[in-house]
Amino acid sequence: MRGRQAAQLLALPGLLVLLGVVAFPLLYAFFLSLTRYSFLRPQYTWAGLARYREALEDPYFLHALGLTALYVALTVGLTLALGLLLAVLLHQGLPLRGFHYFAVSLPMLIAPVGVGLIWKMILHPELGILAYLFGGVDFFGDPRYALLSLALVDVWQQTSFAALVLLAGLRSLPKEPLEAARVDGATPWQAFWYVTFPLLRPVLLALLVLQTLAEVRTYDLVYVLTRGGPGSATDLVSYYIYRKAFLGLDLSGAGAMGYLLLLLTLALVALYYRFLTRG
Amino acid sequence: MAVPGSSRALRHLAHGLLWAFSLAFLLPLLWTLRSALLPEGQAYALPPVWGPWTLENFAQALGGPIGKALRNSLLVASLVVLLGLPLAAGLAYALARYRLGGEGLRFAVLATQMLPPIVLALPLFALFRLLGLAGTLQGLVLAYLAFALPFMAWLLLGFFQGLPRELEEAAYVDGASPFGVFFRIVLPLSAPGLFAAGVLGFLLSWNEFLFALLLSGRDTQTIPVVLSALITQRGVLFAQVAAGVVLSVLPVALLARLVDRYLVEGLTLGAVK
């Protein structure tokens, strides 16, 4: 019993801080989302669930959600595929392993704002080195390429992280099943698909959920590279909610949209939690 | 293997692909470094020029808004770790050894790290304006605790669970109090975990952008905010931007080297050990 009381005392300061900076603001945001509060008219006029109905009928919000779904599918798919390939390559014991590991581990440490700026300079339509080498494609200014360009810059950074995670996964796998497969005459290809891949599946699944959550949050790259444009070609949901609040000055409308996004996110986190605690 | 020839070809292919990946990661970074080491006019000259090299961009960056922003970032990230780490350690120990709050609290701590930041940024912005915390470094540190504290707590939770219980039990038998066990046995044994949690908390705070954009003022902008404003408002300042990016990456790249082993474990929230 004394131990339990001590534990409560140890946890208390941290819990109080989290109540103050997470729980209370979230409750406040929920309250705001039930009103018509804007920066122009900062009054708590009761609106019930009207803001949620409006959000679900807002074509721009729905567009942003759809675009985000497409963006998430694109980036997560590419990141996992490239990350797995790269992890397997790093796991082969090829020469200069330390050097390659170093190169791969760099992008994940850079702030997304930094990543955006690096590629903004390289892909600049007039002054960028890639535009110079491959002819003046306006990667972020042309609505046909903008979303894909944004996604590829994101994948450049995320692949670095995914590869390191999957490499750690590969290194932790038991060696016996692979040796048994080799003794039975499996080709490297068969050994990978029938032994390594199934063993690696839990790590791949964890990464899938984590990357999905990370890509739903995409904001920094949009801010630096496209500001949601051209038109609304890259208006991902986190950026749209930001614009709604700070350019549209509608804090409670944006809050309602934020809560809808939060519900989607929590479903994914619940999936991840079950996954973490199953083992 | 059955066919040695094809196996060797496969190895060459693997080697080539690995180099392709490494170069795809390194070349953009080296290009940025190159731009940072050239005078502004030469940084974006096409076809590219190689020299004259200069350190002028770094001197200018450090003496101007970028230098100020680096100091702000250093202060904010350090304070987040200094304040957050002890709180996170206490919370994590209560969760690890006493299952305080049960599954619900564990889930809450995990979920807090994964919230879309915009959901929290909106009410924090409104509340900070009411409380007079908008635009202050203290406010930014508080806001960062919202994600850094649960993140560090989760990393330490895994670490504490991995400690052998016998040591703690032996200390209890010797008459130690629960606090004595926590401060004299658990914390010293967890030094590597505490260090790793601190570095990761620092890294997350250093790289954070959305909260910083909304909650900082003219004098309290952090490095991502200042960098993001360089390229949009004052036209193209390639050399300045490049120097700023290099300066912002160096500290965290060096720090991360120290916790290589824990980096992946920490960032996957323990899914990969």
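**View 1. A:Arg51 is a buried residue, with a relative accessibility of 6%.** Here buried means under 20% relative accessible area, exposed over 50% and partly exposed in between (1.4 Å probe, protein chains only). The model is predicted, so to speak of local features takes pLDDT of at least 70 and of side-chain atom pairs 80 or more, while totals for chains, interfaces and linings use all residues. Residues are numbered from 1 along each chain as its sequence is written, chains are lettered from A and ligands numbered from 1 in the order written, and side-chain values use heavy atoms, without hydrogens and water.

A:Arg51 forms a salt bridge with A:Asp250, their closest N and O atoms being 2.7 Å apart (a Lys or Arg side-chain nitrogen within 4 Å of an Asp or Glu carboxyl oxygen). The pair links distant parts of the chain, 199 residues apart: A:Arg51 sits in helix H2 of chain A, and A:Asp250 in the loop between H11 and H12. Helices (H or I, at least four residues) and strands (E, at least two) are DSSP runs, numbered from the N terminus. A:Asp250 is buried as well, at 15% relative accessibility.

**View 2. Helix H2 of chain A (residues 50-57) holds several buried residues.** They are A:Ala50, A:Arg51, A:Tyr52 and A:Ala55. What lies over them? The cover includes helix H1 (2-33), S1, H3 and H12 of chain A.

View 3. A:Leu249 belongs to the loop between H11 and helix H12 (251-278) of chain A, and has a positive phi of about 60 degrees although it is not a glycine. Its relative accessible area of 26% makes A:Leu249 partly exposed. A:Arg41, in the loop between strand S1 (35-36) and strand S2 (45-46) of chain A, is also partly exposed, at 45%.

View 4. For background, most residues other than glycine have a negative phi, and most peptide bonds are trans. Is A:Leu96 buried or exposed? With a relative accessible area of 51%, A:Leu96 is exposed.

**View 5. In chain B, a salt bridge pairs B:Arg97 with B:Glu168, with 2.8 Å between the closest N and O atoms.** B:Arg97 lies in helix H4 (residues 65-98) and B:Glu168 in helix H8 (residues 165-173), so the pair ties together parts that are 71 residues apart in sequence. Both partners are buried: B:Arg97 at 12% and B:Glu168 at 5%.

B:Arg97 is also among the residues in contact with B:Phe160 (heavy atoms within 4.5 Å). Others on that list, which leaves out neighbours within four places in sequence, include B:Ala89, B:Tyr93, B:Val186 and B:Ser190.

**View 6. The side chain of B:Ser216 reaches the backbone oxygen of B:Ala212 at 2.6 Å.** B:Ser216 lies in the loop between helix H11 (210-215) and helix H12 (223-233) of chain B, and counts as buried at 14% relative accessibility. Not counting residues up to four places away in sequence, B:Ser216 touches B:Gly135, B:Leu140, B:Phe211 and B:Gln221.

**View 7. Chains A and B bury about 8,600 Å² between them, of which carbon and sulfur atoms give 83%.** (Buried area is the accessible area, with a 1.4 Å probe, that two parts lose on being put together, summed over both.) In chain B, B:Leu18, B:Phe25 and B:Met114 lose the most area to chain A, together 8% of what that side buries. Helix H1 (residues 4-36) of chain B gives the largest share of the side that touches chain A, 15 residues. In all, 92 residues of chain B are in contact with 98 residues of chain A. How many salt bridges are there between chain B and chain A? The count is 0.

How values were computed:
A polar contact is a pair of N or O atoms within 3.5 Å; within protein, one must be able to donate a hydrogen and the other to accept it, and residues adjacent in sequence count only if both atoms are side-chain atoms.
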